[in-house]
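Have a look at the structure first.

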Amino acid sequence: MATERDNRLTRREILASGLGMAAALGLSGCWSDGARRAYPDRIPVRFWHMWTAEWQAVVERIADRFNRSQARYEVVPLSVPASGADAKYLLAITGGDPPDVMAQWNPVLPTWAENGALTSLDELMTPAERAWTERETYPVFRRAGIFRGRRYAMPLGPNISACFYRPDHFRKAGLDPDRFPEDLETLVQWADRLHQFDRSGQLKRIGFLPQYFTQFAPLFGGGFYDERTGALTLNTPPNRRALTFLADYRRKLGFGNVIRFTSGLAGDTSGGVDWPFLSGAYSITQDGQWRIEQLEKFAPHLEYRTAPLPPPAGGRRLAGWATSDMLLVPRGSRQPQGAWEFIKFWSGLERPERAAEFYLWGGWLPIADAIAYAPVYQSYIQKHPALRTFLELAASPNLVAPPPVPFQAYLVDHISRAEDLAVRGTRPPEQALVGLEADIAKERARRKELGYAD
Amino acid sequence: MPISPPFRLSRFQRLLIHAALIALSVPVLLPLVWMISTSLKTDAQVYAVGAQSAPPLTLSSLVPHPVQWRNYPDALRAVPFLAYLRNTLFLCAVTVLGAVLSSAIVAYGFARLEFKGKNALFLLMISTLALPAQVTMIPVFALFRALGWYGTYLPLTVPAFCGAPFFIFLLTQFYRTLPGELAEAARVDGASEWTIFRRIILPLSKPALATCALFQFLGTWNDFFGPLLYINDPAQYTLAYGLQQFVSNRGGQWTHLMAGATLFTVPIIVLFFFTQRTFIQGIATTGVKN
Amino acid sequence: MRTEREGQDLSSPQGEKRMLKKQIVGYAFIGPWIAGFLIFTAIPFLTSVYLSFTRYTILTPPVWVGAANYRALLREDPLFWKSLGVTFQFAAAAVPLGILAGIGLALLLNQNVGGISVYRTIFYLPSIVPAVATSVLFLWILNPQIGLINRLLLHFGVVGPAWLQDPIWAPRSLVGMSLWGVGGSMIIYLAGLKDIPAHLYEAAVIDGANAWQRLRHVTLPMLTPVIFFNLVMGVIGTFQYFTEVYIMTQGGPEDSTLFYALYLFNRAWRYLDMGYASAMAWILFAIVMALTGFLFQTQRRWVHYGD
């Protein structure tokens, strides 16, 4: 009977899979028992971070430097890719087995601090260190990392944006690249002369496309949070002006045109080579300082310059939005002291002239003059003068950090939702802001009803 | 068009089928061709395609010139590929064995045996698929921690031995299409249910079992979240974790990501190509009909 | 599930003993699943029911708030309804199209032509590629300016839409992308086709059935259990559709791809509102189970089982 033959086959297959499993188990015996530690007799400081690809290599290099700089601790880094980072961090913290120190850049700090998930750095800092942080670091850092008056994070350099522009485009359009506009109105006029359309009226090149409501609100004198009162300031006259500016600018070019043009180009998440600025799709674009390194790598001969985004009449100079990568010590860290040593080492709280080098490796902006004026940093600036713009910005008191409210992620998401509606021409800016304010008020009311502090 | 294998096809029909299959292959393959072609390009070539107002697609733009083989060793060096491969294969072997065997047994119970509360239990089992893992993640994590399994492979392997509802449902559907006469005859001869399962049902359901094995293999191969959550030792991660290392928060390099994705995919393509015969060896060809 | 055979011979003690043995054997077979359910599933399930009635930040212990989460969801959360709508629309398009494409492809790949194993591998390929890579691939393919599709359309003088940047086209793009990965269910149909006993076809031929009639009266009826499976799993899967939108669109533009699972994820892990997310999960659970229950009710009418 046919089944008899099939049966033998099955038995053979089971045998085969059993052998396969045994082989796999045998292979698993080849595992090293745990990560190979370079310094097995030292106290391990487990460090979880979210950097991948080339940044992961940088982080590992810094950890290695730290390990070689002293003989007590060994920092053991682990890259936790961002898509799973929040879950892994949170589960580890609640499970009582967190890393000793970690890096974050998501808007989690106020929420985590509010819920007691973080160790306040105030407990680890000596008075001298605290004084240095308060006195020396740039204003935006004094604010970032603080929640309800306590410091929970050491920021590692802000992510801010400035204008990158192409002098060759300027010259061809009869504009002087040495005199970048000092006010937004002039910039808009210049941009008009830099736009290019093809025969069918489709955009071929955008002279300048103002981007991000969060960036423009401070520039127009607005913002999202009042430091003195602790109140959110969402639907304010300067914010309305900022969002209206962004929407009107696109209306003039045609909403559909702009969407098509910008979505056709790799966006701000694109890596280096496909950055549209390189191909000349923009004459002026807004981006972060990390592009400088990429320009050197991918387009070493391209002539470009940087300048701060100019404010409108009555606006604020050197203003903008700054998020930061941060180093945190979670609650339950088994080696808070070791963690703090590492944070000091990396951030430059200790020997800033040495840490300046780490900032260069990662393309991070300095957090204090002591780093910016370190010899290595200065010689780098000599070679990359475009970085000066960013240094000027980093030190600016007009930079705005994300509001330190426990529902920050919700707030930030809804701000960009309102922006999305306005700049795509779906909803008038005033209405988008009214909607934003209503959404946030409703969420706060709900939170209050549930018994949250805020 | 002849439906099902025993029928001979005319030459014209064969041509027609080839034409249809080839036509459909193009859109299926094109993205993959691009993936491989990007993995062999230099950054500058990727950039050339990225220029604004790109021209209509031409075949030549898909051909890397010059061919940048270096992307592969570079990608291999960026992560401990062999160690991750070993870990992944180990997890795959264990979970495939566990999930397929246990699911087959459970499915037999649901498909072929009668007992009280069967229908309710079956629905309950399917319902466990309907609750998103995102909300059960915390209690599940707490459970594994309490068991002392955190940081080991146990949370990733042991549950497989309790049957996977997806496979149980699938196999149940298959078992229920099998003709009942064979089993009935064996039962009359005094065979136990276990014997019937082992000797009759299991051999007859090989295509379905192979499908489950393949799915489980793929599931474990692609699982990024499980290992990320439960493993803390960098040396014990899997390929899916390694692949994530190429996805940078600022885009990273496409050439490396695509080389990584290709390396990640090729072993399964090979595996599938050599095992897909199993899907052909259905009972349609073993000729069970008496 | 049939239960008619149960209950015969109940009157005799022998019959009773046999009944008892039947019960034991039945439970022994499904034992592994029951054990797994009790150990790994039941507790987390019950916990998440409880959590849905609490405010729970993950970082601090949950606090009972009664039905507040459900109330807020149903009455005051437009995004909840939006995400439900997005998900339903996607399911209504992607599930039936996926079934049609899967069966069609499986029928083609079940033919006796040369090189069939190569074709099978080709069509299965897309479901092998990990979701991360697929998502990145499609970001490029669907790019309005430099993407593969729009550049192909240029050959025909058509200027393609902005795909993922267009609130109308973004969900459609995702449906198209899901069809690209139809190989997974194709394999199940193929296995189903291979499981159809040859004698049924032989009998049909003897009765003089042509190819269409064989498809209609033998193949499709015999395939219904597998179709049923894919239908149920398709519905459940749609409500958990996550990775692609998480990587590609983050729910945009203008919330047109804000899938239920994505919104739930944001609530749970981004806003740290696990109580709210648990309530969302249980509403989802109720919806999916109602749909599944309905499908199970209908299977009597169209699903053909061999026993």
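The contact between the two chains takes 29 residues from chain A and 24 residues from chain C, where residues are in contact if their C-beta atoms, placed from the backbone, lie within 7 Å. Helix 3 of chain A gives the largest share of the side of chain A that touches chain C, six residues. Helices here are DSSP runs of H or I with at least four residues, strands are runs of E with at least two, and both are numbered from the N terminus.

This is a predicted model: local features need pLDDT of at least 70, side-chain atom pairs count only at pLDDT 80 or more, and totals for chains, interfaces and linings use all residues. Residues are numbered from 1 along each chain as its sequence is written, while chains are lettered from A and ligands numbered from 1 in the order in which they are written.

The elements that give two or more residues to the side of chain A that touches chain C are these:

| Element of chain A | Residues |
|---|---|
| helix 3 | 82-94 |
| helix 4 | 109-114 |
| helix 11 | 255-264 |
| helix 19 | 408-423 |
| helix 20 | 429-450 |

Within chain C, helix 8 (residues 183-194) passes helix 10 (residues 211-238). Among the residues that meet there are C:Tyr189 in helix 8 of chain C and C:Leu223 in helix 10 of chain C.

Conventions:
Axes are lines fitted to C-alpha atoms, for helices over the stretch in contact, and angles run from 0 to 180 degrees between N-to-C directions. A crossing is left-handed if the near helix is turned anticlockwise from the far one by less than a right angle, and right-handed if clockwise.
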